[in-house]
Amino acid sequence: MVFGVVMAFCAAVCMGTATVLQAMGARTAQAGGTPAAGLATLALTLRRWPFLAGIALDTLGFVAELVSLRSVPLFLVEAALASSLAVTAVVAAAVLGIRLRHAEWAAVGGVCCGLALLAVAAGHEGTGAGDARMRWVILGVTPALVVAGRVVARRVRRGRAAVLGGIAGLCFGLVAVAVRLLPDLGVQRLLTAPSAYAVAVAGLGGYLLLIEALSSGAVTAATAAMVIGETVWPAAYGVLWLGDSTRHGFRPLALAGFAVSIAGALVLARFGDAEQYASPR
């Protein structure tokens, strides 16, 4: 239990710091003096060590997330991942000179307090692992959701960033649920597990949808919708169907901690995209 909580917090720190490193890589590429666009810009950015370090930290964060999902309740892991925005805000303020408003510092404190309450209140993860039908349903829903996101991307214009961000969040929530539905982590079992393929499809599809949402310009709307989509329903799913629970008598404390941490993350939603503050100030 303690190890799983530590891994959830490690995932938040890794992912939040990775965003800042990727912003540093983008900033140094832009400051190189060579005008470039499209693939040329990407090539320049990928040659910068901060950006590569950010990718490495994102990978470590994802591994830590997988470990934590196998040992602690979904509501704690998802709240911790949303708190990566607080990590990004603090590191960006220290490294990139981004000025945080008073409300944003208050939100950082709120995220920390909310996660502390959750860590105290969380019980053990549920023993429910779902049945074969549930795993196949998750696999069927995943590509359908990604396709729906692509349809939205082509046809919706008003509120496009928020809608795409919300669908991306739903995909990330599917990743968390699918990981919990994995029978075990043996290679042979993974190759035949429907939920393993759901993890891959939902993870990649959600990432691409989030990039498109952020490129629409409304970073705060896209990130806020993503945070809600990836936290609320997996937390409820874990409690109602997988048996996640709090310590006896600590449910109100857990609800308060979850609400405070997610509310703080929503206040910090503007830090959901590194590129918005990558250009020199």
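Q: Which helices each supply at least two residues of the lining of the second largest pocket?
A: Those are α11 (219-240) and α12 (251-267). Helices here are DSSP runs of H or I with at least four residues, strands are runs of E with at least two, and both are numbered from the N terminus. A pocket is an open set of points on a 1 Å grid over the protein atoms alone, where a 1.4 Å probe fits and protein lies on both sides within 12 Å along at least five of seven lines; lining residues have an atom within 4 Å of a point.

Q: Which helix gives the most to that lining?
A: That's α12, with 4 residues. The lining of the second largest pocket includes Arg 251, Ala 254, Leu 255 and Phe 258, along with others such as Phe 75, Leu 118 and Val 239. By class, it has 8 nonpolar, 2 polar and 2 charged residues. Ala, Val, Leu, Ile, Met, Phe, Trp, Tyr, Cys and Pro count as nonpolar, Asp, Glu, Lys and Arg as charged, and the others, Gly among them, as polar.

Q: What should I know about the model itself?
A: It's a predicted model, where local features need pLDDT of at least 70 and side-chain atom pairs count only at pLDDT 80 or more, while totals for chains, interfaces and linings use all residues. Residues are numbered from 1 along each chain as its sequence is written, and side-chain values use heavy atoms, with hydrogens and water left out. The predictor's confidence in each residue, pLDDT, runs from 0 to 100. The protein averages 85, and 86% of the residues score at least 70. Over residues 33-39, though, pLDDT stays under 50, and the model has 3 contacts beyond four places in sequence for them. A contact means heavy atoms within 4.5 Å.

Q: How many helices and strands are there?
A: The protein comes to 12 helices and 0 strands. As for contacts with a separation of 6 or more, 85% join residues 24 or more positions apart.

Q: Why is α8 described as largely enclosed?
A: Buried means under 20% relative accessible area, exposed over 50%, and partly exposed in between (1.4 Å probe, protein chains only). In α8, 18 of the 21 residues are buried, so the rest of the structure largely encloses this helix. Across the protein's 281 residues, 49% are buried.

Q: Is Met 15 buried or exposed?
A: Met 15 is buried, at a relative accessible area of 18%. You'll find Met 15 in α1 (residues 2-30). Leaving out residues up to four places away in sequence, Met 15 touches Asp 58, Gly 61, Phe 62, Glu 65, Leu 81 and Ser 84.

Q: Where does Val 95 lie, and which residues does Val 95 touch?
A: Val 95 lies in α5 (residues 84-95) and is partly exposed, with a relative accessible area of 46%. Beyond four places in sequence, Val 95 touches Val 20 and Met 24. Val 95 and Met 24 are 71 residues apart along the chain, yet their C-alpha atoms are separated by 8.8 Å.
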